[in-house]
Amino acid sequence: MLQTAMWLIPIAPFIIGIATTWSLRQAFEEMVWFNVAYALTLGAVYLAEVLGYGFVSTSPTGAGGAMGLVAGFVALGVCRYRWKKRKYEEAVAKAAEQRRIARERKAQGLSPTPPADNSLVTSAFRLAGSLERSRRQAMKRRAEQQRTTAGES
């Protein structure tokens, strides 16, 4: 039964990669790294067997296969580490760029953050918010006027 599921080994890193990164490109890259390391390790174990060293079983379900899986997952881990490091560096660079733009806009006397978008829905919510603010301010003014007139009498 174990040998009938051997076709899952090259595909599993792709499925795991999609499930954990939500990036097809990264999942494919991890699959390639895993499969290259797996194949090279199995090739090295087979070459050692052919040369007469035979220190490990060449069976993919034996110790040689386990070594191949370990090497594949180590390569996958290295690939994932590099991806996470790259994503972090991109996020830091984007944040630095946003801070620079905000400083420039502030120096020009503009709002530090540009308006997000000018869609109809966004405009409607902005209008509703400004109407609500003006209604609350009017209610506060009216309450203050009533307090001052009540205090005078």
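**View 1. Aromatic pairs in the predicted model.** This close-up comes from a predicted model. The count of aromatic pairs comes to 2. One of them joins Phe 34 and Tyr 38, and this pair is stacked. A pair of aromatic rings is described by the distance of the centres and the angle of the planes. For Phe 34 and Tyr 38, the centres are 5.9 Å apart. The angle between their planes is 10°.

**View 2. Helices α2 and α3 side by side.** Two packed helices are described by the angle between their axes and the distance between the axes. Helix α2 covers residues 24-50, and α3 covers residues 63-107. Their axes come within 7 Å. The axes cross at roughly 150°. Angles over 145 degrees count as roughly antiparallel, so α2 and α3 are roughly antiparallel to each other. Their crossing is right-handed. Which classes of residue make up the contact of α2 with α3? The contact has 15 nonpolar, 6 polar and 5 charged residues.

**View 3. Helix α1 against helix α2.** Helix α1 spans residues 8-21. The axes of α1 and α2 come within 8 Å. They cross at roughly 150°. That angle makes α1 roughly antiparallel to α2. The crossing of α1 past α2 is right-handed.

**View 4. Helix α1 and helix α3.** Do α1 and α3 run roughly parallel or roughly antiparallel? Start with the axes: those of α1 and α3 come within 12 Å. They cross at roughly 30°. Angles under 35 degrees count as roughly parallel, so α1 is roughly parallel to α3. Here too the handedness can be read: α1 passes α3 in a right-handed crossing.

View 5. Rolling a probe the size of a water molecule over the atoms shows where empty space is left. In this model the count comes to 1 cavity of 30 Å³ or more. The largest cavity has a volume of about 30 Å³. Which residues line the largest cavity? They are Gln 26, Glu 29, Trp 33, Cys 79, Arg 82, Trp 83 and Arg 86. Helices α2 and α3 each supply at least two residues of this lining. The largest share, 4 residues, comes from α3. By class, the lining has 3 nonpolar, 1 polar and 3 charged residues.

How values were computed
Residues numbered from 1 in each chain as written. Predicted model: local features only at pLDDT ≥ 70, side-chain atom pairs only at ≥ 80, totals over all residues. Heavy atoms only, no water. 1 Å grid on protein atoms, 1.4 Å probe; cavity = no way out; pocket = protein on both sides within 12 Å on 5 of 7 lines; lining within 4 Å. Points joined across faces, edges and corners; volume = space filled by probe spheres on them. Nonpolar A, V, L, I, M, F, W, Y, C, P; charged D, E, K, R; others polar. Axes fitted to C-alpha atoms, helices over the stretch in contact; angles between N-to-C directions. Parallel < 35°, antiparallel > 145°, perpendicular 65-115°, else oblique. Left-handed = near helix turned anticlockwise from the far one by under 90°. Phe/Tyr/Trp six-rings, centres within 6.5 Å; stacked < 30°, edge-to-face > 60°.
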